[in-house]
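Subject: Structure handover

Hi,

Here is the structure I promised to pass on to you. Please open it alongside this note, and I will walk you through what turned up.

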Amino acid sequence: MASIRHWLRGIGLVTAAVAATSIMTPQAQAQTADTIKIGILHSLSGTMAISETTLKDVMLMLIDEQNKKGGLLGKKLQAVVVDPASNWPLFAEKARQLITVDKVAAVFGCWTSVSRKSVLPVFEETGNILFYPVQYEGEESSKNVFYTGAAPNQQAIPAVDYLMANEKVKRWVLAGTDYVYPRTTNKILEAYLKSKGVAADDIMINYIPFGHSDWQNIVASIKKFGSAGKKTAVVSTINGDANVPFYKELGNQGIKATDIPVVAFSVGEEELAGIDTKPLVGHLTAWNYFESINNPANKAFIAQWKAYTKNPKRTTNDPMEAHYIGFNMWIKAVQKAGTTDPAKVIDAMVGISVPNLTGGYSAMMPNHHITKPVLIGEIRADGQMNTVWQTSGTVVANEWSPYLEGSKDLIADWRAPLSCGNFNVVTGKCGGASK
Amino acid sequence: MNFLRTCLVLILLAAPAFAQTEDAFTGLASNDFDAISAAITALALSGDKQASPTIHAIQDEALYAAPDGSLLIKTEPGYVDARTGAPVADVVEDDLVGVRVNNKVRRAVDAALGSLDLFAATPDGRRKAAEAVFLSRDPAILPALSKAIAAETNDRVRVVMRQAQAASQLANPDATDAERLAAVAVIRAKGGLEAQSLLGSLRDQTPAVANAAAEALTALARLQQLWSLVQSVIYGLSLGSVLLLAAAGLAITFGVMGVINMAHGEMVMIGAYTTFMVQEVIRARAPFLFEASLFIAVPLAFLVSGGIGIVIERGLIRFLYGRPLETLLATWGLSLVLQQAVRSLFGANNRDVGTPQWMSGATEWGGVTVTYNRLTIVVFAVLVLAALMAVLRYTALGLRMRAVTQNRRMAAAMGIRTPWIDALTFGLGSGIAGMAGVALSQIDNVSPNLGQGYIIDSFMVVVFGGVGNLWGTLVSALTLGIVNKFLEPIAGAVLGKIFVLVLLILFIQRKPRGMFPLKGRAVEQ
């Protein structure tokens with residue numbers, strides 16, 4: 001009997017700890033009929049908190065701003081914040097809670113494809129809307145999800161093109177963290193490079209576990225791979241946290257950006273804020289937005305952000321811009337539809353166009369992805385990016401990669417009468433809502 | 001029509017006027033990276049006195065273009081005109097535009113500085129210049145290089161210059177086959193990855209040169225193969241020393257006391273955050289101390305983590321002795337609480353812990369690159385383990401700790417305050433973890449999740465080495481490190497880790513008490 005009591009005490013302690021972490025999340029409880037609720041589904045604890053906390057803050061700022069302008073359809077907007085704690089199954093649970101209990105009109109959230117795949121069935125079942133703000137591997141199009149981050153052809157492929165044309169790169173290291181986004185992106189990149197005549201010997205693919213910190217061997221092997229007499233570059237899909245030791249090791253082993261440039265798809269201003277950036281100067285990143293972009297819209301956004309967070313050192317980054325675009329699109333679509341009913345808003349979304357922060361307009365396409373400009377930046381000593389190249393206009397997303405066997409014949413078009421996320425143009429059949 | 005003609009004449013008249021103000025400097029203010037690179041190369045060859053300071057300023061991102069077409073260098077006291085070197089007053093900073101830099105421009109800068117600095121005053125400056133020339137391989141530099149070699153007094157620098165000359169010769173279209181063959185021999189003698197890279201690019205030369213290059217390449221590659229074995233051992237020792245540091249504290253709390261402490265990683269994390277705090281204070285109050293920040297952080301991290309360890313022992317663990325399952329759950333919960341507490345206090349973002357100058361960079365041992373920060377950690381790990389053993393072996397506290405863990409009741413009967421010793425032992429283990437945190441802050445992210453990455457590895461090391469045996473911990477950490485580094489190139493980082501885990505499980509199946517089990521009656525109980 002005594003041992004059971006001790007067991008319970010142990011469990012009690014753990015539960016208390018977990019409860020303590022979830023109490024800390026601000027939860028809007030007030031409920032009135034004349035408000036429109038918006039769900040925010042970003043991790044505020046656990047490994048992903050590093051990236052997602054900022055997105056929660058930017059959503060609160062945007063909602064606050066809209067309320068100051070008089071709200072939406074004569075009602076005030078109200079944010080409902082939940083904390084999925086970097087726990088993939090919990091994402092689905094919290095999403096269901098937002099939709100069925102809190103009855104939100106739309107959800108802004110998720111980071112990493114695993115979390116999105118985990119909530120996808122919930123949104124498709126309930127018919128609600130999710131705005132996903134992060135670059136991802138493509139190969140998906142759901143009726144209920146609006147992808148405001150970049151597809152591979154809006155980030156990875158232009159970056160490779162830039163290196164081929166400007167740095168005359170002939171040999172490629174594709175290094176990534178071992179999960180779905182890097183694996184799919186690298187599969188697409190490998191097929192793309194081969195289609196451009198790069199030999200299999202000139203491509204090295206390397207996967208690293210999450211949070212890897214001992215890079216000595218891998219950096220040494222990159223150095224060795226790069227000494228075959230051909231210009232070499234590293235295309236990095238290494239996930240946020242592991243980047244710091246990676247770049248440190250590069251700098252320490254004397255690999256400079258002028259010798260072997262590294263182009264990264266997951267390193268932004270936010271990640272660089274925690275590193276000594278001097279050894280990184282000249283390494284590249286590919287995004288659709290940089291904080292250093294000089295135009296009035298961006299300057300106003302940055303000023304508003306710094307004032308809202310009361311921290312003059314806070315940086316802005318690409319996924320924040322994606323939420324900015326997504327939120328404004330949703331506002332416009334609701335105004336167009338005259339209701340917040342998700343089914344009607346989904347139909348109203350396609351074709352909506354709003355200003356982005358890089359000085360142009362982004363439009364929602366029938367495949368539920370948005371048009372974006374692609375920017376290549378070099379890391380500066382102050383942790384900001386120096387735009388060295390950009391597409392002349394915006395790029396339309398290829399949700400189904402034309403370079404992969406399984407997806408090259410597929411298209412997504414959610415307008416009636418097609419209304420399909422994976423329509424096969426060869427067989428003329430719709431494969432279902434999503435794959 | 002007449003009007004147009006007048007315009008044309010005016011333009012033609014105006015053109016020479018523009019050309020007069022055009023000089024090697026003008027192109028630097030261009031928007032086009034190719035034009036900037038070309039301007040830098042032209043400027044370096046122009047022989048202008050101001051060329052060197054201007055190009056150095058581009059390297060430091062301190063060259064600005066003013067709206068009136070003048071170029072200004074930002075220096076400590078104020079702005080200086082790049083063309084004349086004269087100070088400029090009344091600069092409106094908002095109007096200045098930095099000269100644009102990308103990797104192409106940086107390469108042009110490196111090459112230009114190489115040619116400019118070949119006659120620098122210090123041997124070190126000349127050596128760096130020659131190394132830059134080796135990489136840029138610009139045949140236009142050959143005459144200057146010959147002059148520099150003739151004038152060089154330092155033997156070592158002359159060798160580097162000869163190598164640079166050979167590299168440039170291979171890129172020279174006018175060189176004869178004999179000259180090229182001689183150059184290949186020089187490059188072969190140099191060895192290393194840069195030489196391999198250069199030799200690998202010679203496939204489309206004349207057959208004689210290409211053959212010599214291919215032969216040299218095979219010889220170098222064979223040598224490289226040997227070195228890569230040495231490299232795996234050294235990298236393994238380095239990884240092993242990190243594991244050793246992370247596990248040394250656990251060897252005390254788990255190994256000696258038998259407490260399954262899942263919050264051990266968080267003690268490491270707290271040590272790393274202590275380093276961050278120390279550096280913050282130093283940056284704000286006493287920047288000159290920065291190089292010594294880690295020496296200050298080590299004892300402080302020991303005290304902070306050790307103190308928290310004692311509090312945890314007194315407040316939680318002492319109620320749970322002899323109940324491993326509850327300890328496991330309670331300390332795991334505690335680790336979550338500590339993580340979230342740090343996250344609330346410092347934010348979820350990584351904190352920037354700087355690396356002192358003396359720990360940056362690397363040294364070459366033959367074909368192996370060893371970074372100074374890793375080298376320092378190896379030394380530090382050995383020192384920590386030695387100190388820990390000395391404490392246990394030679395101090396009164398160590399004697400009491402061993403007495404209590406071997407036979408608690410007998411020790412109590414001899415007048416030792418066993419609860420107090422328990423607290424101190426746990427504090428010692430936690431303090432060691434804190435010191436490990438100082439070292440890990442140099443190679444890993446300082447974030448609330450820092451500790452999670454090391455907890456499993458630490459338990460692996462202690463169990464594999466034999467619970468309660470510090471020598472076992474040492475041997476097991478180094479073994480795991482080296483095995484890991486030999487598997488990594490073959491199997492990849494992910495599979496390598498899995499293999500190590502499988503091997504470990506098989507080993508534990510055969511020897512459940514690890515490599516060096518403790519013997520004696522105390523263990524049997």
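**The sheet in chain A**

In chain A, 7 strands make up an open sheet with mixed pairing, in the order E7-E6-E8-E9-E10-E13-E14. Strand E7 (203-208) and strand E14 (385-390) of chain A each have a single partner strand, so one side of each is left without a neighbour in the sheet. On average, neighbouring strands of this sheet are turned by 25 degrees against each other, direction ignored; axes here are lines fitted to C-alpha atoms, and angles in general run from 0 to 180 degrees between N-to-C directions.

A few conventions before going further. This is a predicted model, in which local features need pLDDT of at least 70 and side-chain atom pairs count only at pLDDT 80 or more, while totals for chains, interfaces and linings use all residues. Residues are numbered from 1 along each chain as its sequence is written, and chains are lettered from A and ligands numbered from 1 in the order in which they are written. Strands (E, at least two residues) and helices (H or I, at least four) are DSSP runs numbered from the N terminus, and two strands pair if DSSP finds at least two bridges between them.

Within that sheet, strands E6 (residues 171-177) and E8 (residues 232-237) of chain A run parallel over 6 bridges, with Arg171(A) opposite Thr232(A).

Strand E10 (residues 284-287) of chain A pairs in the parallel sense with strand E9 (residues 262-264) over 2 bridges, and in the antiparallel sense with strand E13 (residues 375-379) over 4 bridges. Leu284(A) is the bridge partner of Val263(A) and also has Glu378(A) as its partner in E13(A). From E10(A), Leu284(A) and Ala286(A) point one way and Thr285(A) and Trp287(A) the other, and all are buried (20 or more other C-beta atoms within 10 Å of a residue's own, C-beta atoms being placed from the backbone).

**The sheet in chain B**

Chain B has an open antiparallel sheet of 5 strands, ordered E4-E3-E2-E1-E5. Its edge strands are E4 (87-88) and E5 (97-98), each pairing on one side only. Strands E2 (residues 71-74) and E3 (residues 79-81) of chain B share 3 bridges, and Lys74(B) is partnered by Tyr79(B).

**Where the chains meet**

The contact (C-beta atoms within 7 Å) takes 56 residues from chain A and 57 residues from chain B. On the chain A side, H1(A) gives the most, with 12 residues.

Best wishes

Conventions: Contact = placed C-beta atoms within 7 Å. Buried ≥ 20, exposed ≤ 12 C-beta atoms within 10 Å, placed from the backbone.
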